Amino acid sequence: MDQRQLLRLSALARMALGASLLAVPGLVGRRIVGDVADTGGGRLLLRVAGVRDLVIGYGTFTAVQEDRDPATWARLAAVCDATDAAAAALGFRRLPTPTALASIVAGTSSAISGFRAAAEMRCPASRHRTRRDRPATRG
């Protein structure tokens with residue numbers, strides 16, 4: 001399976017998680033953050049995360065389908081995943097141990113995969129040129 005296929009599948013999974021967090025935050029969120037998912041604040045934050053995952057997933061999927069700089073979207077998703085892993089590590093003592101460990105492992109592995117995919121993706125050279133690389137124009 002190539003990087004584009006992996007990104008496409010990852011984007012679909014991210015959109016499914018995001019939609020689930022929006023639709024039933026308590027049910028899905030209990031697996032992620034434990035009992036706090038049943039509080040009003042917990043459901044609010046889970047829905048916010050759901051919107052983030054829907055947007056990142058849709059952006060990534062569309063970028064891959066249309067060949068519109070999927071590497072940038074892969075990096076954005078990887079940053080979100082790394083942040084999730086860091087947040088789980090910081091909150092480790094307040095989360096059930098299996099939940100915290102699963103979040104750290106899942107976030108870290110997803111971040112690594114995303115950064116690796118971004119590094120291996122080939123985008124049009126014109127998008128990566130700096131001002132110094134561009135020909136000077138007179139006028």
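User: What share of the 139 residues in the protein is buried?
Analyst: This is a predicted model. A residue counts as buried under 20% relative accessible area. In the protein, with its 139 residues, the buried share is 33%.

User: Which elements does the protein have, and in what order do they run from the N terminus?
Analyst: The protein has 5 helices and 0 strands. From the N terminus on, the order is α-α-α-α-α.

User: How much of the accessible surface belongs to carbon and sulfur atoms?
Analyst: The protein has an accessible surface of about 9,000 Å². The part that belongs to carbon and sulfur atoms is 60%.

User: Which residues make the nonpolar surface patch, and what is its area?
Analyst: L6 is one of its residues, and L6 sits in helix α1 (residues 3-23). L6 is partly exposed, since its relative accessible area is 41%. The patch is made by M1, L6, L9 and L12, with an area of about 410 Å².

User: Are α2 and α3 roughly parallel or roughly perpendicular?
Analyst: Two packed helices are described by the angle between their axes and the distance between the axes. Here the axes of helix α2 (residues 25-33) and helix α3 (residues 40-66) come within 10 Å and cross at roughly 90 degrees. Angles of 65 to 115 degrees count as roughly perpendicular. Therefore α2 and α3 are roughly perpendicular.

User: Which residues make the contact of α2 and α3?
Analyst: From α2 come P25, G26, G29 and V33. From α3 come R43, L46 and R47.

User: Is T60 buried or exposed, and which residues is T60 in contact with, leaving aside neighbours within four places in sequence?
Analyst: T60 is found in helix α3. Its relative accessibility is 5%, so T60 counts as buried. Beyond neighbours within four places in sequence, T60 is in contact with L7, A11 and W73.

User: Which residues is T99 in contact with, leaving aside neighbours within four places in sequence?
Analyst: T99 lies in helix α5 (residues 97-120). At 12% relative accessibility, T99 is buried. With neighbours within four places set aside, the contacts of T99 are R31, I32 and V33.

User: How many salt bridges are there?
Analyst: A salt bridge needs a side-chain nitrogen of Lys or Arg within 4 Å of a carboxyl oxygen of Asp or Glu. By this rule the count is 7.

User: How many residues apart in sequence are D67 and R4?
Analyst: D67 forms a salt bridge with R4, with the closest N and O atoms 2.9 Å apart. D67 lies in the loop between α3 and α4 (70-90), and R4 lies in helix α1, so the pair ties together parts that are apart in sequence by 63 residues.

User: Is R14 buried or exposed, and what is its relative accessible area?
Analyst: R14 forms a salt bridge with D53, with the closest N and O atoms 3.0 Å apart. The pair links distant parts of the chain: R14 is in helix α1 and D53 in helix α3, 39 residues apart. D53 is buried, at a relative accessible area of 5%. R14 is buried too, at 11%.

User: Is R68 buried or exposed?
Analyst: R68 meets E66 in a salt bridge (3.9 Å, N to O). E66 is partly exposed, at 48% relative accessible area. The value for R68 is 52%, so R68 is exposed.

Terms used
Residues are numbered from 1 along each chain as its sequence is written. This is a predicted model: local features need pLDDT of at least 70, side-chain atom pairs count only at pLDDT 80 or more; totals for chains, interfaces and linings use all residues. Side-chain values use heavy atoms; hydrogens and water are left out. Patches are made of residues with over 30% relative accessible area and no salt bridge: like charges are joined within 9 Å, nonpolar side chains (Val, Leu, Ile, Met, Phe, Trp, Tyr) within 5 Å. Accessible areas come from the Shrake-Rupley method with a 1.4 Å probe; for residues, only the protein chains shown count as cover. Helices (H or I, at least four residues) and strands (E, at least two) are DSSP runs, numbered from the N terminus. Buried means under 20% relative accessible area, exposed over 50%, partly exposed in between (1.4 Å probe, protein chains only). Axes are lines fitted to C-alpha atoms, for helices over the stretch in contact, and angles run from 0 to 180 degrees between N-to-C directions. Angles under 35 degrees count as roughly parallel, over 145 as roughly antiparallel, 65 to 115 as roughly perpendicular and the rest as oblique. Contact means heavy atoms within 4.5 Å.
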